[in-house]
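Subject: Structure for your files

Hello,

Please find the structure below. My notes on it follow.

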Amino acid sequence: MKVLMINGSPRKDGNCARLLSEAEKTFQAENVEVIRYDLGTKDIRGCMACGGCATKGACVIEDDVNVLASHLAECDGMIVASPVYYASPNGTLISLLDRLFMSAKADLRMKVGASFAVARRAGTVATFDVLNKYYTINQMPVASGRYWNNGFGRGKGEIEGDEEGLQNARFVARNMVFLMRSIALGKEKYGLPAPEAVTRTGFIR
Ligand SMILES: Cc1cc2nc3c(=O)[nH]c(=O)nc-3n(C[C@H](O)[C@H](O)[C@H](O)COP(=O)(O)O)c2cc1C
């Protein structure tokens, strides 16, 4: 079992990083391999809507997004943490996720997703909602925890005082491992759900 873990914060050693480390310890205890990626201050631009990925099978911009797409293809699940910026995920992370999910051509069905939002005070639920939508538009089941996967703190390390948030990260990781293992067994026994040609309803044309 393998999980792709993305820390969307520009602070590589901030509160999102700490929350993810708590999940990572749980994955290690369960013998689940983790591919960790810290976005940091990398210059990841947004989607240009060029449509190039449809023909190329990868994003036309050669940066970390294509590397992450190949990691995602080989992983059983993906977990992402974002700081809350104005009640949303931070902009660079959104740029990365838009391009990753638009261009990734691997079969994402039944790869398990999970997400965390970290804030000083408010906006975690709205952020959590945005992150989970990358999964739920891609037939990826979402592993949940005992709350809406948030953590609280402003300065680096302040999340250490949020014991409930850290504990929830462990719950999420354990639930994710259970789901990934169950899905692996289900795939063996029943196979993936039968595909069907996609119908797109045009609301204008
Ligand atoms: C541009 C910016 C916008 C922010 N907006 C919010 C916000 O809407 N709500 C909130 O509670 N905290 C907000 N914060 C605080 C961060 O979410 C908080 O410091 C968080 O712990 C950062 O996580 P990190 O240490 O992983 O970077 C904002 C911080 C920045 C830099």
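A nonpolar core here means a set of buried Ala, Val, Leu, Ile, Met, Phe, Trp, Tyr and Cys residues joined through C-beta atoms within 7 Å. Please keep in mind that this is a predicted model.

The core

By that definition, the largest nonpolar core has 49 residues. Leu 19, Ile 79, Val 118 and Met 176 are those with the most contacts inside it. At least two residues of this core come from each of strand E1 (2–7), H1, helix H3 (64–74), E3, helix H4 (91–103), E5, helix H5 (124–136) and helix H6 (163–190). H6 gives the most, with seven residues. As background, nonpolar side chains tend to be buried together in soluble globular proteins.

Met 176 can be followed in detail. Not counting residues up to four places away in sequence, Met 176 touches Gly 77, Ile 79, Val 112, Ala 114 and Ala 143.

E3 is mostly covered, with eight of its nine residues buried. Its pairings are as follows.

- E1 and E3 run parallel and are joined by five bridges; Ile 6 stands opposite Val 80 in E3.
- E3 and E5 also run parallel, with seven bridges between them.
- E3 and E4 run antiparallel, joined by two bridges; the bridge partner of Tyr 85 is Ser 88 in E4.

The hairpin of E3 and E4 has two residues between the strands, and Tyr 86 takes a positive phi near 50° there.

The ligand

Which residues are closest to the ligand? They are Ser 9, Gly 14, Cys 16, Pro 83 and Ala 119, out of 19 residues that surround the ligand. The elements that give two or more residues to this shell are helix H1 (15–29), strand E3 (77–85) and strand E5 (112–119). E3 gives the most to the shell, with three residues. By class, the shell around the ligand has nine nonpolar, five polar and five charged residues.

Backbone points to check

Most residues other than glycine have a negative phi. Two alanines in loops are listed here with positive values.

- Ala 49 has a positive phi of about 55° and lies in the loop between strand E2 (33–38) and helix H2 (52–56). Ala 49 counts as exposed because it has 8 C-beta neighbours inside 10 Å, and the cut-off for exposed is 12 or fewer.
- Ala 87 has a positive phi of about 65° and is found in the loop between E3 and strand E4 (88–89). Ala 87 has 14 C-beta neighbours inside 10 Å, so it counts as partly exposed.

Asp 98

Asp 98 is placed in helix H4. Is Asp 98 exposed, partly exposed or buried? Asp 98 is partly exposed, because 16 other C-beta atoms lie within 10 Å; a buried residue would need 20 or more. Leaving aside neighbours within four places in sequence, Asp 98 is in contact with Gly 46 and Cys 47. Asp 98 and Ala 117 are 19 residues apart along the chain, and their C-alpha atoms are separated by 17 Å.

Regards

Definitions and conventions:
Residues numbered from 1 in each chain as written. Predicted model: local features only at pLDDT ≥ 70, side-chain atom pairs only at ≥ 80, totals over all residues. Near = placed C-beta within 6 Å. Helix = DSSP H or I, 4+ residues; strand = E, 2+ residues; numbered from the N terminus. Nonpolar A, V, L, I, M, F, W, Y, C, P; charged D, E, K, R; others polar. Contact = placed C-beta atoms within 7 Å. Pairing = 2+ DSSP bridges.
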